[in-house]
Amino acid sequence: MSNKLLASAALAAVIAAGVSAPAQAASKEKCYGVAAAGQNDCANLAGTHSCAGQSTLDNDKGEWKLVEKGTCSTLGGLSKSEAKAAYKAS
Amino acid sequence: MTQQQHLLALIWNNDSKSLANELEKSGFDARGINIYRRNLLANAQRALSITFPTISQLLDSDVNENLVQGFLKQCPPNQGDWAQWGDEFSHFIATNKIAHEYSYLPDCAALDWHIHKALNGQDQTLDYTSLALLASAEPEDINITLNNNVALIKTTSPINEIFDAHHHPDQQQRKMAMEQAKVALNTKPKKHTVMVSRPEFQPKVTTLTDSEAEFMFSLKAKKSLAESLDTVSHYDDFSFEEWLVAAIEQNLILHFKENSL
Amino acid sequence: MSVESKDVLIGVGLRHPHFTDVLTQPKQVDFVEVHSENFFGEGGAALSVLNQVREKYPISLHSTSMGLGSEQDIPRHYLDRLANLARSIDPFLMSEHACFTWGQQQGQLIHSGDLLPITHTNASLDRMCEQVDKVQSILGRQLIIENVSAYIKFDQSYLSEAEFLAELSRRTDSKILLDINNIAVNSMNFEGGNIKQSVNDYINILPINSVAQIHLAGCTAALPGELVVDDHARPVSDQVWQGYEQALQRFGPIPTLIEWDNDLPEWSILIGEANKARHIANTLFDRKI
């Protein structure tokens, strides 16, 4: 089929199916849950934020050993060099 | 150095040895300076954990001060809005040691960033009247402008699965996605494209077929409809009709435009 | 939206966890205040929420990043976003802090993400006047400028913050946002902690008609030997309520806002704090409650 025919056939399909784009204005009630939390504040977090109390603000902590608490450790997977090697071999 | 520059330098200094020295020289109450230092770090951590929720869970970023401090130093915020800070984060992670061990992190960060951008992006919906161009104009002369909130990410990591494993509203689906991600991470990496779009207010993540990806990259590169169709003509699985119906339903298109002759 | 009332207008700071409450609960306050920068996006759910809130409540736009006291010029990209937001929301008040936020690091523009303290001298006053004039002309609106909690002192300052703000207001035709808790925090950290006296000294320097809004907040008590941090994480303290009464006595029925940002309570508790403010104001001005 020519591109011209493809285009007009597709248009006909859209019209026949009555396809419509979602209308954002009609989904007001959906927006409260979707909005991300604000990130700008005039309150000072130094006292209350979970991290702030314990932080020594030193830069000499061991690199990344604390990653164990995150889900990275659950996921496992190949390291970058392993992944690269596997990819090249494919 | 002016007084304000001096104060900023003290707050942003992340070298503990020179800091002690500088603080002493400054004559400021160290308790006061440390409040500003802690607030900067806490604000930055909060901002990154909101903008990069997947990275935050992958790395348990509450304790990853080094990463946050490093990023603050290398790519300091300059917009006056923490939500706009993070454009460089994926790249920053890619150059960090951590990415050697967890190679999927930079692309997970890129996905988080594009979702975050889409969440706050301009509200756009299809201009229906422009659809008529499909009948009235030649495909060579038609350009399809994608919705601003559509982003395409090329990756070899199962970033869609990893995203779902952390954020799918259904617990069972999260579990399943986690298993799929694990399997994918332990097998041969596969090059593919993940799309972010925003049908309504909630951004959506879709893994594209190779033909869909090629077609959309071609549209993104402002190539004409005819050219874009030609790039995917060798695929058996691409149907423009199906693509168009789905694209309208998912709000991927802003308008059809006749390119200047 | 304009607000006209002889009563004291009482509002609360609107934060993300309360978006559903503010739109679904009956109207219980006179206005809400949001942080401008949290709505700097070009669209999306947050802006949509704000546009709906706006149909129900007058909105006060409280900015946190403008840094009017910065030696560095406020970047145009920031002012453009703020001006756009102001145009679409049409707030009944717009406010900022008397602090600095912008600077440079290795020749690059940076934003501190914090309300950093400034010296109070004629030079720093000239600088802030210049920026306030500029911002007011870009926005086409009057700014209301707030006193801050500062955690360091500058030997160079020879004006008090109150003198600084009074003069700023006079020279730029801006108004003052009086944060009672910030006076209390500074009093506890640097002035021996007689809050009643500190509030009194502060407000007596400000001209009667210069204050356009009052902020009330609470903060966590400091550990021994540490400074009090203005974390907006607690109910308003008795001493700050007392200071509020002092301020109302001097300035009259000024719109008043309860700010709560960290360890945010339920909406009803926040409204309870607003009702407390209303009760104090009504009692003072002898209006029927």
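## Domains of chain B

Domain bounds are taken here from an automatic or database domain assignment. On that basis, chain B is divided into domain 1 (3-102) and domain 2 (128-258). The model is a predicted one.

The C-alpha centres of domain 1 and domain 2 of chain B are 35 Å apart. Contact between them involves four residues of domain 1 of chain B and four residues of domain 2 of chain B.

## The open sheet of chain B

Chain B contains an open sheet of three strands, ordered β2-β3-β4, with antiparallel pairing. The edge positions are held by β2 (151-155) and β4 (204-208) of chain B, each of which has a single partner strand, so one side of each has no neighbour in the sheet. From one strand to the next, the twist averages 25°. Strand β3 (residues 192-197) of chain B is joined to β4(B) by five bridges, and the two run antiparallel. Within β4(B), B:V205 is the residue opposite B:V196.

α8(B) lies across β2, β3 and β4 of chain B and runs at about 175° to β2(B). Helix α10 (residues 159-167) of chain B also packs on the sheet, where it touches β2, β3 and β4 of chain B. The direction of α10 makes about 150° with that of β4(B).

## The barrel of chain C

In chain C, eight strands close into a barrel with parallel pairing, in the order β1-β2-β3-β4-β7-β8-β9-β10. Neighbouring strands of this sheet are turned against each other by 25° on average, direction ignored. Strand β3 (residues 59-62) of chain C and strand β4 (residues 93-97) of chain C run parallel and are joined by three bridges. C:H62 has C:S95 in β4(C) as its bridge partner.

Helix α9 (residues 267-284) of chain C packs on this sheet and touches β1 (10-13), β9 (211-216) and β10 (256-258) of chain C. The angle between the direction of α9 and that of β1(C) is about 145°.

## The largest pocket

The space in the largest pocket amounts to about 880 Å³. Its lining consists of 44 residues, and those nearest the centre are A:Q39, B:A83, B:H116, B:N120 and C:N38.

At least two lining residues each come from α3 (30-51) and α8 (105-119) of chain B and from β2 (31-35) and α2 (45-56) of chain C. The largest share belongs to α8(B), which supplies five residues; α8(B) is also the helix that lies across β2, β3 and β4 of chain B. By class, the lining of the largest pocket has 17 nonpolar, 17 polar and ten charged residues.

## Cavities

How many cavities of 30 Å³ or more are counted? The count is six. The largest cavity has a volume of about 150 Å³. It is lined by 20 residues, with A:C42, A:A43, A:N44, C:L115 and C:D230 closest to the centre. The elements that provide two or more residues to this lining are α3 of chain B and β6 (108-116) of chain C. The lining of the largest cavity comprises six nonpolar, nine polar and five charged residues.

The second largest cavity has a volume of about 110 Å³. Eleven residues line the second largest cavity, and B:I11, B:W12, B:L40, B:Q69 and B:L72 are the closest to its centre. Two or more of the lining residues come from each of α1 (3-12), α3 and α5 (65-74) of chain B. By class, this lining has six nonpolar, three polar and two charged residues.

Notes. Residues are numbered from 1 along each chain as its sequence is written. Chains are lettered from A and ligands numbered from 1 in the order in which they are written. This is a predicted model: local features need pLDDT of at least 70, side-chain atom pairs count only at pLDDT 80 or more; totals for chains, interfaces and linings use all residues. Side-chain values use heavy atoms; hydrogens and water are left out. On a 1 Å grid over the protein atoms alone, a cavity is a set of points where a 1.4 Å probe fits but cannot get out, and a pocket is an open set with protein on both sides within 12 Å along at least five of seven lines; lining residues have an atom within 4 Å of a point. Grid points are joined across faces, edges and corners, and a volume is the space filled by probe spheres set on the points. Helices (H or I, at least four residues) and strands (E, at least two) are DSSP runs, numbered from the N terminus. Ala, Val, Leu, Ile, Met, Phe, Trp, Tyr, Cys and Pro count as nonpolar, Asp, Glu, Lys and Arg as charged, and the others, Gly among them, as polar. Two strands pair if DSSP finds at least two bridges between them. Axes are lines fitted to C-alpha atoms, for helices over the stretch in contact, and angles run from 0 to 180 degrees between N-to-C directions. Contact means heavy atoms within 4.5 Å.
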